[in-house]
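Hi there,

Here is the structure I promised to send over. Have a look through it first, and my notes follow below.

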Amino acid sequence: MTQTSENVTWLTQEAYNQLRAELEYLSGPARTEIAAKIAAAREEGDLRENGGYHAAKEEQGKQELRVRQLTQLLEHAKVGEAPAESGVVAPGMVVTIAFDGDEDDTLEFLLASREYASSDIETYSPQSPLGGGVNGKKVGEDAEYELPNGKKASVRILDAKPYQG
């Protein structure tokens with residue numbers, strides 16, 4: 001879950017361990033596997049018309065991108081407990097908002113990096129328009145954010161509590 005500082009990523013110990021294990025796999029066994037796939041495809045002949053070779057190279061590129069993302073994320077990670085229940089919206093919190101102040105038109109979501117999205121609850125990044133608009137606001141305050149069409153939207157913060165996972 002991302003902290004308010006731009007380059008710091010707040011993670012639970014469990015999330016940190018999971019991402020570290022993924023990085024170790026991608027940097028070790030997965031690299032060996034993809035290298036073997038590329039070598040096998042290369043032996044099939046003409047590389048210009050070799051679909052297996054091109055697919056393996058594309059997979060390798062995606063894998064290396066993920067390794068770079070994980071490395072950067074973990075370098076800036078801060079491992080700790082969930083944020084305190086302070087009534088102020090922050091990453092790692094479940095936020096309930098009302099659109100245009102209408103208490104019947106509400107949305108509850110987790111404010112966190114999409115890396116940690118849960119199937120149990122919708123997740124908005126602090127860098128998203130809505131996430132950025134509500135981040136740092138107190139319960140009861142109004143927040144404004146920009147819609148994709150350039151118009152402004154307003155929401156009222158109804159609740160902000162630490163995510164319990």
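**What turned up**

Asp100, Asp102, Glu103, Asp104 and Asp105 form a patch of negative charge on the surface. A patch takes residues with over 30% relative accessible area and no salt bridge, with like charges joined within 9 Å; a salt bridge is a side-chain nitrogen of Lys or Arg within 4 Å of a carboxyl oxygen of Asp or Glu. Asp100 sits in the loop between β3 (93-99) and β4 (106-111), and Asp100 is exposed at 62% relative accessible area.

This is a predicted model, where local features need pLDDT of at least 70, side-chain atom pairs count only at pLDDT 80 or more, and totals for chains, interfaces and linings use all residues. Residues are numbered from 1 along each chain as its sequence is written, and side-chain values use heavy atoms, leaving out hydrogens and water.

Overall, the protein has 4 helices and 7 strands (DSSP runs: helices H or I of at least four residues, strands E of at least two). Of its 165 residues, 35% are buried (under 20% relative accessible area; exposed is over 50%, partly exposed in between, with a 1.4 Å probe and protein chains only).

Finally, Ala55 belongs to helix α3 (residues 51-75) and is partly exposed at 44%.

Best wishes

Key
Patches are made of residues with over 30% relative accessible area and no salt bridge: like charges are joined within 9 Å, nonpolar side chains (Val, Leu, Ile, Met, Phe, Trp, Tyr) within 5 Å. Accessible areas come from the Shrake-Rupley method with a 1.4 Å probe; for residues, only the protein chains shown count as cover. Lys and Arg count as positive and Asp and Glu as negative; His and the chain ends are not counted. The place of a charge is taken as NZ of Lys, CZ of Arg, CG of Asp or CD of Glu.
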